[in-house]
Amino acid sequence: MPPASHRLTVRTGPNPGMTFDLNKEVMMIGRDITNDIVVGDAEMSRQHARLTRTPAGFILEDLGSTNGTFVNGERIVAARALSAGNMIAFGENVSLLFEATSPEAAPTVMGPAVVRTAVPPHMPPGRGAAQPTPVPMPGPGKPLEPAAGEAAVPSSRRTWLLAGCGCLVLVGACLIFLWAMDSYAPDILYAPLRMLGFGF
């Protein structure tokens, strides 16, 4: 029989502090003495719940009990995977703590990732290794500064420059149009002015 990696400890109900080692693949929980874990309380059904060991850990199932099975205060309606520290309740009177009994079974806390700089095989680390150059990043709301050698042109100046060029092109096109009309079709050009009383 493999050593128990988890156990249940009674918190409320009959025999507080009593522990049950989970050392079988499948363990039945209930009021009847034929169960693997016997809890003699009126809130317990004869066969209340089932614990199953899987490669991923223990799974708890309610077996249609009258008063329900709860994990961390939530009634389960389907199989529920357990984590160390979960509080299991059967009805309102009985609660047991699901806990790990070995360091391997306890949840692993991941530390911060360590960033390592790769060093080419032909260059040993030390004084000759090139140090990475830090690249400043703009803060919130700040534009990215231009790279070395690039002229910094404000966006507002670019906008006015483009608008001025557009106006010059438009004025030039109007002058060319008037010159062409004056040279090739003066009657059409001056007819509206004559109608207004101007002597052209």
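Helices here are DSSP runs of H or I with at least four residues, strands are runs of E with at least two, and both are numbered from the N terminus. With that in hand, color the chain by secondary structure and walk along from the N terminus: the elements go β-β-β-β-β-β-β-β-β-β-β-α-α. That comes to two helices and 11 strands.

A word before you click around. This is a predicted model, where local features need pLDDT of at least 70 and side-chain atom pairs count only at pLDDT 80 or more, while totals for chains, interfaces and linings use all residues. Residues are numbered from 1 along each chain as its sequence is written, and side-chain values use heavy atoms, with hydrogens and water left out.

**Stop 1: color by confidence**

The chain has a mean pLDDT of 77, and 64% of its residues reach 70 or more. Now select residues 108-120, where the pLDDT is below 50. Beyond near neighbours in sequence, this stretch has two contacts in the model, a contact being heavy atoms within 4.5 Å.

Now for the whole chain. Take the contacts with a separation of 6 or more: 32% of them are between residues 24 or more positions apart. Of the 200 residues, 22% count as buried. Buried means under 20% relative accessible area, exposed means over 50%, and partly exposed is in between (1.4 Å probe, protein chains only).

**Stop 2: the five-strand sheet**

Next, pick out the open sheet of five strands, ordered S4-S3-S5-S6-S9 with mixed pairing. Two strands pair if DSSP finds at least two bridges between them. At the edges you'll find S4 (37-38) and S9, each pairing on one side only.

Zoom in on S5 (residues 49-54) and S6, which pair in the antiparallel sense over six bridges. A hairpin with two residues joins S5 to S6. Select Thr54 and you can find its bridge partner in S6, Gly57. Thr52 has Ile59 as its partner in S6, and Ile59 in turn has Ala81 as its bridge partner in S9. S9 (residues 80-81) pairs with S6 over two bridges, again in the antiparallel sense.

**Stop 3: a pair of rings**

(Rings of Phe, Tyr and Trp, the last by its six-membered ring, pair if their centres lie within 6.5 Å; planes under 30 degrees apart are stacked, over 60 edge-to-face, and the rest tilted.) Phe58 sits in S6 and Phe98 in S11 (residues 94-100), so to speak linking distant parts of the chain, 40 residues apart. Both Phe58 and Phe98 are buried.

Stop 4: S1 (residues 6-12) pairs with S11 in the antiparallel sense over six bridges; select His6 to find its partner in S11, Ala100. S10 (residues 87-90) also runs antiparallel to S11, joined by four bridges. Ile88 has Leu96 as its bridge partner in S11. In the hairpin of S10 and S11, with three residues between the strands, look for Gly91, which takes a positive phi near 70 degrees.

From Ile88, hop over to Gly73: they are 15 residues apart in sequence and 7.9 Å apart in space, C-alpha to C-alpha. Gly73 is in the loop between S7 and S8 (74-75), and it is exposed, with a relative accessible area of 68%.

**Stop 5: Ser65**

Now select Ser65, in the loop between S6 (57-62) and S7 (69-71). Is Ser65 buried or exposed? At 9% relative accessibility, Ser65 counts as buried. The side chain of Ser65 makes a polar contact of 2.6 Å with that of Asp62 and one of 3.2 Å with that of His48. (A polar contact is a pair of N or O atoms within 3.5 Å; within protein, one must be able to donate a hydrogen and the other to accept it, and residues adjacent in sequence count only if both atoms are side-chain atoms.) Leaving out residues up to four places away in sequence, Ser65 touches Ser45, His48 and Arg75.

**Last stop: the cysteines**

Finish by showing Cys165 and Cys167. The closest cysteine sulfur to that of Cys167 is in Cys165, 9.3 Å away, too far for a bond. The structure holds zero disulfides, a disulfide being a pair of cysteine sulfur atoms within 2.5 Å. Cys174, at 43% relative accessibility, counts as partly exposed.

Key:
pLDDT is the predictor's confidence in each residue, from 0 to 100.
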